[in-house]
Amino acid sequence: MAREENRPITDLGTLKALAHPLRMQLYRGLCVARTATASQLADQVDEAVSLVSYHLRKLAEHGLVEEAEPQSADGRERWWQPASDSVSIRDENFRDAPERAAAHLAATRLFHEQRADMYRRYLDERPTWGPEWNSAAPDNESLLRLTPAELAELGEELLALAKKYDEKGRAADAAGDTEGRENVALHVYGFPFRV
């Protein structure tokens, strides 16, 4: 069975499974590493291996992660990977009932808080990254005048551009070109506002 490129999340159970702070950290960690053991992830999130294993199994129950091919000779290690290249959670799939809309809003707030924490950590660690990374890291705000269709089109184009650079970086990594290469988070928000 071919790996799913993007997994739309449309059911409340899967949304709630992912919208747990530790589970989202584990999922994000697996997306970066591509494969990892519960032990490796536990070190990243500073939690007990048993707790991490429990949450990985919960993510697996909802098809968000799956067992991966072993990456070492130790047959006791259980390796995990994301079940798809990405997930998407769209507002239109959760508007039909107040409970679903509230769960979507809570999940969106959690994801935003975790992203903001990642950026705050970068700002705190900025001096350790050096001038090349600090000059390269974009920090922009654009105030546009768009229709909903134009905003959706812009979002699709930005996603395609990010995917292009992700594929380029992963191909370089696979070819052994790792010099100066780091994990990079790109957070893009587009939303209407009134003054």
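Tutor: One term to start: buried means under 20% relative accessible area, exposed over 50%, and partly exposed in between (1.4 Å probe, protein chains only). This is a predicted model, where local features need pLDDT of at least 70, side-chain atom pairs count only at pLDDT 80 or more, and totals for chains, interfaces and linings use all residues. Residues are numbered from 1 along each chain as its sequence is written, and side-chain values use heavy atoms, with hydrogens and water left out.
Student: Is Glu61 buried or exposed?
Tutor: Glu61 is exposed, at 57% relative accessibility.
Student: What does the side chain of Glu61 meet in a salt bridge?
Tutor: Lys58, at 3.6 Å, N to O. A salt bridge is a side-chain nitrogen of Lys or Arg within 4 Å of a carboxyl oxygen of Asp or Glu. Lys58 is partly exposed, at 24%.
Student: How many residues apart are they in helix 4?
Tutor: Glu61 and Lys58 are 3 residues apart, so about one helical turn separates them. Helices (H or I, at least four residues) are DSSP runs, numbered from the N terminus.
Student: How many salt bridges does the structure hold?
Tutor: It holds 10. One of them joins Asp177 and Arg181, at 3.4 Å, N to O. Asp177 is partly exposed, with 39% relative accessibility, and so is Arg181, with 35%.
Student: Which residues do shared partners join into one network?
Tutor: Glu5, Lys163 and Glu167, through their salt bridges. Glu167 and Lys163 have their closest N and O atoms 3.9 Å apart. Both lie in helix 6, 4 residues apart.
Student: New topic. Where does Leu143 lie?
Tutor: In the loop between helix 5 (98-136) and helix 6 (148-174). Leu143 is exposed, with a relative accessible area of 61%.

Technical notes. Helix = DSSP H or I, 4+ residues; strand = E, 2+ residues; numbered from the N terminus.
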